[in-house]
Amino acid sequence: MPIFSANELKRAQRIKEDELYGSEGYKKAVYLSRQGSDYTNHLFAFLIDLNICLVPVYLWGVEFIMILAGIIPPAYFDLLFYVMYGLLFITSCIWLPLYTAAKHGVTVGGRLLGIRLVKEKGKRMPSAMQLVLRQLFGFGLPMMIFGFFFSVWGILTWWLIDSLIALVSPHQKTICDWIFGLCFVYPPQYEMKVVENGENQQEEFEDFDQQQDQSLNESFEDSNFDDQSALEVENNPIDSSPSQQAPSRLNKLKQKREAKKKIKASQKEKTENLSNDFPPVVEGTIAVQTAEPEENLAISKYDLHIRSNFSDDSDAEVEDIFQQAKALNLDVISITDHNNARANAIANHFAKLYDIKYIPGVEIDCQQFGQRVRILGYYIDWNDPFFDGIERLSLKREKDLSFARIEAFERLAGLKVDTDTLLANSRFKTLTPKQLVDLVFDTPEARQVPVVKQYIDQYPSEQEAREACMQECFGQGGPCEAIGEYPSATKVIDAIHKAGGMAILAGWHVSQLSNETIDAILDQGIDGFEAFIPNNSKREQAFLISLANEEKLFITSGSDYHGTRMANRHLGVTGASPKADQIVSVFTSALN
């Protein structure tokens, strides 16, 4: 293997880090928060850069002492002062802006403290001109101008004002950060190795990956998902239901994905860096368990799928959610309202009040190849205009679907349904199939209509009759089914990434998705799967875990809590065991 100098290795590492950040690292970058450690890192990075720029001033101070000591004649005082001032201009107005632009937003202090300047929206790399102007007008010129006209007090006043603005800004943005749309973030950290050639490089990374898998396997030795359970997932006969087809589906999907990778590799030779900032997920050895009987529910540490009353089908107040989470000793939660991100502003306040870690979230309805899917967005900037647009689109769609169901049922039953009262009392002016069926069954005149009476006569209980009517009339293929138009999964995933977030495929109806749909969502850049949710079977969990391991994606968990609207959903009950929580903690570690 060739011998490289330390400087060559560092330069190669910086180039690779920039390449990784530009390709996918920006998705995992984390904004500076208002925590003390983040303020300290920002301050120290600034002070390091400042002291480098002030080297000419320090040298002039030494020269001034030498003049006082008689070593240098006093006649050189003015000359040395202007030389110092010229060098200060070079370091602060030329060197620092150009250095920052050349390093793609990483200053000397930023590199030592692990932060870099990026575009605030999307966290992508800014242009060289943006970086030059930011450092010139935000650092160099103010120091030169205020220092020349107002001495040291002018410079200190400018930095004090700039610091106060950074203190109250969401991401510690200074005046020029606001002007040029920039801010500091923590980029993901990568472990790198020096290898001799491309072939050996692949082997090195595979060895590294196997070591990671082995270390995680050892940590799960006590798992209640034992070897026999794992064998059952692979070897038991599989029935025709979608939820029982996980192993065969996985094999087919793996084959298809492998074929795609070989085609891409033949088009362009590129070694994929398998060692990233998060360890991979372990296939087939996770402690998987479904919800236990109600009297002995297993509580997970992480509940990342909760709906508040900002959703159209939940009555849970935001503060009540945090009170319950505190009582249950949950570590991290996320409120992912249905096509609505507004609860995050309130949730951030209560997260600090109740000392619970919180991930801003949302759940969005979309479609792929005509199949309905739901995408969860985490770590999002909820103020992004995209989420307002999604909310307005959802409200209009659900209102139109409500009236379409009503009209279809009125034609089917030959009666006029009095829905005005329900719609008037609905905060979202929508009517779900269940609400419509309950209204009809609760009306004596409507119960005598043949379409309704057949269900009452056919089923032994009122509840069964209502559920059958709802499924057969309003379900898929039913005469009153209303089909809406949803945004594409491609657009939703891309918008979540642009809002600084990470996109996770929700566990909702995931067993009904075709391999083509899942494959397309993988190609669109999905960041992970929600494997642990109460309705997912062990086979569905094993399928998603194995696929996540194959594609190096994240795993999340959630209770899908709806308040009292769904009595069988409980906060913190996700179906993940304590050992599986360790897998989910990888995703939540970005909070740190």
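This is a predicted model: local features need pLDDT of at least 70, side-chain atom pairs count only at pLDDT 80 or more; totals for chains, interfaces and linings use all residues.
**Surface patch.** Tyr76, Leu79, Val83, Leu87, Phe89, Ile90, Ile94 and Leu98 form a nonpolar surface patch. Areas here come from the Shrake-Rupley method with a 1.4 Å probe, and for residues only the protein chains shown count as cover. A patch takes residues with over 30% relative accessible area and no salt bridge; like charges are joined within 9 Å, nonpolar side chains (Val, Leu, Ile, Met, Phe, Trp, Tyr) within 5 Å.

I then checked Phe89. It sits in helix 4, residues 77–102. Helices (H or I, at least four residues) and strands (E, at least two) are DSSP runs, numbered from the N terminus. Phe89 has a relative accessible area of 37%, so I note it as partly exposed. The scale: buried is under 20% relative accessible area, exposed is over 50%, partly exposed lies in between (1.4 Å probe, protein chains only).

**Ground rules.** Residues are numbered from 1 along each chain as its sequence is written, and side-chain values use heavy atoms, with hydrogens and water left out. Local features need pLDDT of at least 70 and side-chain atom pairs count only at pLDDT 80 or more, while totals for chains, interfaces and linings use all residues.

**Whole protein.** I recorded 22 helices and eleven strands. Of the 592 residues, 48% are buried. The accessible surface comes to about 29500 Å², and carbon and sulfur atoms hold 56% of that. Among contacts (heavy atoms within 4.5 Å) with a separation of 6 or more, 76% join residues 24 or more positions apart.

**Helix 2 against helix 6.** I looked up how helix 2 (residues 36–53) meets helix 6 (residues 128–168). They pack at an angle of about 170°, axes 12 Å apart. That makes helix 2 roughly antiparallel to helix 6. Helix 2 brings Tyr39, Phe46, Asp49, Leu50 and Cys53 to the contact; helix 6 brings Phe139, Met143, Trp159, Ala166 and Leu167. Axes are lines fitted to C-alpha atoms, for helices over the stretch in contact, and angles run from 0 to 180 degrees between N-to-C directions. Under 35 degrees counts as roughly parallel, over 145 as roughly antiparallel, 65 to 115 as roughly perpendicular, the rest as oblique.

**Salt bridges.** I found 20 in the whole structure. The criterion is a side-chain nitrogen of Lys or Arg within 4 Å of a carboxyl oxygen of Asp or Glu.

One of them joins Arg307 and Glu363 at 2.8 Å, N to O. Arg307 lies in the loop between strand 4 (302–306) and helix 11 (318–327), and Glu363 in strand 7 (residues 361–368), so the pair ties together parts 56 residues apart in sequence. Both residues are buried.

Arg466 meets Asp438 at 3.0 Å, N to O. This pair links helix 18 (residues 462–474) to helix 15 (residues 433–441), 28 residues apart. Arg466 is buried, with a relative accessible area of 15%. Both belong to a salt-bridge network of Lys434, Asp438, Asp442, Arg447, Glu462 and Arg466.

Lys498 and Asp494 bridge at 3.2 Å, N to O. Both lie in helix 19 (residues 489–498), four residues apart, about one turn of the helix. Asp494 is partly exposed at 35% relative accessibility.

**Leu353.** I ended in helix 12, residues 343–354, which holds Leu353. With a relative accessible area of 52%, Leu353 is exposed. Its C-alpha is 9.8 Å from that of Glu319, 34 residues apart in sequence.
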